[in-house]
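Me: I'd enjoy going through this structure with you, one question at a time. Shall we look at it together?

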Amino acid sequence: MDRKISRRDFLDGMAVAAGGLVVGGALSGCAAGSWGGINEVTTPPNGWNYAGQGNPSYPPAMTGLRGSTNPSMRIPHELRDGIFWSGSRPITSTGEHYDLVVVGSGISGLSAAYFYRKAHPGASVLILDNHDDFGGHARRNEFYPDGKLLIGYGGSQSIEAPSAWSPVAKGLLAELGIEPKKFEKFYDQKFNERWKLNDSDFFTNEQFGRDFLAVMDGDTQTAETLKNAPMSAAAKTAFLELQDNPKDYLPGLSDAQKKMKLVGLTYLEYLRDVARMPREVLDYMQTYTSDEWGFGIDAFGAIDSWALDYPGFSGLKLDRSKPYRFCGPTVQLQWDTDEPYIYHFPDGNNGVCKLLLGRLIPGTGAPRTLDEEPLARIDYSKLDVAGEQVRLRLNAPCVRVQHTGGSIGSKTVDVNFVRDGKVYQCTAGGVVMACYGTMVPYLMQDLPTEQKEGLFFGTKLPMVYTMVQLSNWRAWEKLHISHTRFLSGEWCVAELDYPVSMGGYEFSKDPEQPILVHMIQMATKPNPNPRGGIGPGRRELFGKPFASYERTIRDQLTRLLSGGGFDPAQDIQGITVNRWGHGYALEYGRPWAQFWPDGPLPSVIGRQPYGRVTIANSDSQNRAYADAAIDAAHRAVAELG
């Protein structure tokens, strides 16, 4: 539980030339070559109306296939493919005018509404979202085994490295009453030690000839823990050298020369071509970066692998006294931080969203204090009430944002959105686009071409966060594991939920009690350039019915836990698959992002204000963290003036 884990945003899309952005072939996945017109809308396997199982009046308790549900994606895909506005589309005025309209109700959108109201007390704000729940990727999942509430999360996981947050982001936490130090008590940091649980790797039959669970000594593999693993003796020796006592694999080069050598290599290339690791070690390491960065070592950079203390670099004896400029932005930002990964609400960063909601729309059941958050139940019927100064309108995809009269000098903006199949229009004094960055060009056709290209560059990584509700965790205790990395297969991680008890909510205290298991699937296909694997991965993700996800979940958990007496028919009691075709946006990194760090940066080009419209979301910061979303919101509101 004390591993340093990050949850990052990713992108694909365009190539960058020295003179600016240029189209680098067909855009991946859901992006279109010229703002629409590829006409690839197909009926998803579960049908367009499938949004999961359960009562839609309270989305957190719904199970099945959630996240980017089929209904939430239909209209955005029709906009992408240039068919939404074909034929007759009458537009009905609602007669509403707001000081601000925010498109997107994730952390960034809710923060933008909060910052705007702080700067303009009494301002009227409408927040639109195409999903049936608020929070964006910060999504709450609830289960009720035997009537007892279990709380999980379906996306944005934790407040990571809060000491490195900007003064603005830290200030928002303080204003919401979120004191990171309190999580030192909320989070049971002795849980693994008390139950003798360890990290582990699962060797798969498909890749290594037989299934084998290698339980670590804490969080480290040793000669003893790998003794019976399906690897040759030579491969085991090579890996242990890489992990425990790596050589100087770049002898004769200076510190600066070694670092520049790493800048031009992926982690795979470094291990294969520089450290000369055998094929078995490369196979063993392939998913090492998957859950943290969204793709394997074949695309992740060697320079960031060194900075993050991944195996194989200590023998180079490189200077770490200050951040290295070619490392990725978050690696540099968190260079000197050494904080435990414990700043976690039971529902992940949906806790931040609920506390924001409590400030924006009183009377919804949203919490006002940190202790109220876990058990606070939102009344969704009160989110969009006439007469309230702030309204949150779910199931209402925005379809067009345009300055009134088509003039960027206009004092108002027309905002079109869909409710129950009909197009409506309201007006606003300003608009913050806190939706997926790649949707903005479809919603704002009059943006400059270069800005559209910058936004399209931010196409996000396809990913799945699943919560599996188990009747007990006896098998985990018997096997002495809390977390495993699968070396191949659809799911790259399975782990017991984080042991957080706060505000009257109690984490599982005994292996006989129900618990949630978090599973991660990063769907980007292998490719030396991570952008190249996003489109194929996303298409596959949207093409799977819930039954397909359920089948692989049951298969991998059964294979992992069979030695502990696990019975999937009896032990699995509920599954919520949080599918994000547009998940976390890709953070710039070498060697694939040749424009980093000197630019021009697509995120900066794409996020420029356009009249009375500004752009937020973590996409615009090319970092997938809650603090990036908050910083983007603050910037976007300030740009409105």
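Me: Which element supplies the largest share of the lining of the second largest pocket?
Reply: A word on the ground rules: this is a predicted model, where local features need pLDDT of at least 70 and side-chain atom pairs count only at pLDDT 80 or more, while totals for chains, interfaces and linings use all residues. Residues are numbered from 1 along each chain as its sequence is written, and side-chain values use heavy atoms, leaving out hydrogens and water. On a 1 Å grid over the protein atoms alone, a pocket is an open set of points with protein on both sides within 12 Å along at least five of seven lines, and lining residues have an atom within 4 Å of a point. With helices (H or I, at least four residues) and strands (E, at least two) taken as DSSP runs numbered from the N terminus, the largest share, 6 residues, comes from helix 1.

Me: How much volume does that second largest pocket have?
Reply: The pocket is lined by 32 residues, with P71, N130, L394, N395 and D420 nearest its centre. Helix 1 (70-80), strand 12 (390-393) and strand 14 (413-419) are the elements giving two or more residues to this lining. Grid points are joined across faces, edges and corners, and a volume is the space filled by probe spheres set on the points; for this pocket that comes to about 700 Å³.

Me: How many charged residues are in the lining of the second largest pocket?
Reply: Ala, Val, Leu, Ile, Met, Phe, Trp, Tyr, Cys and Pro count as nonpolar, Asp, Glu, Lys and Arg as charged, and the others, Gly among them, as polar. The lining divides into 15 nonpolar and 9 polar residues, and the charged ones number 8.

Me: Back to helix 1: how many of its residues are buried?
Reply: Buried means under 20% relative accessible area, exposed over 50%, and partly exposed in between, with a 1.4 Å probe and protein chains only. Among the buried residues of helix 1 are M73, I75, H77 and R80. The helix is mostly covered, and the buried count out of its 11 residues is 9.

Me: Which strands do those buried residues of helix 1 pack against?
Reply: Contact here means heavy atoms within 4.5 Å. The partners include two helices, helix 15 (440-443) and helix 18 (530-542). The strands are strand 13 (398-403), strand 14 and strand 22 (572-580).

Me: Is helix 16 largely enclosed or largely open, and how many of its residues are buried?
Reply: Helix 16 is largely enclosed by the rest of the structure, because its buried residues, out of 8, number 6.

Me: Which cysteine sulfur is closest to that of C398?
Reply: A disulfide is a pair of cysteine sulfur atoms within 2.5 Å, and the structure holds 0 of them. For C353, the nearest cysteine sulfur is 16 Å away, and C353 itself is buried at 0% relative accessibility. C398 is buried too, at 9%. Its sulfur lies 7.1 Å from the closest one, too far for a bond, and that one belongs to C435.

Me: Finally, what is the radius of gyration of the protein chain?
Reply: The chain comes to 22 helices and 23 strands. The radius of gyration is taken over C-alpha atoms, and the globule rule is 2.2 Å times the number of residues to the power 0.38. For 641 residues the rule gives 26 Å, and the chain's value is close to that, so it is as compact as a globular protein of that length, with a radius of gyration of 24 Å.

Note on methods. 1 Å grid on protein atoms, 1.4 Å probe; cavity = no way out; pocket = protein on both sides within 12 Å on 5 of 7 lines; lining within 4 Å.
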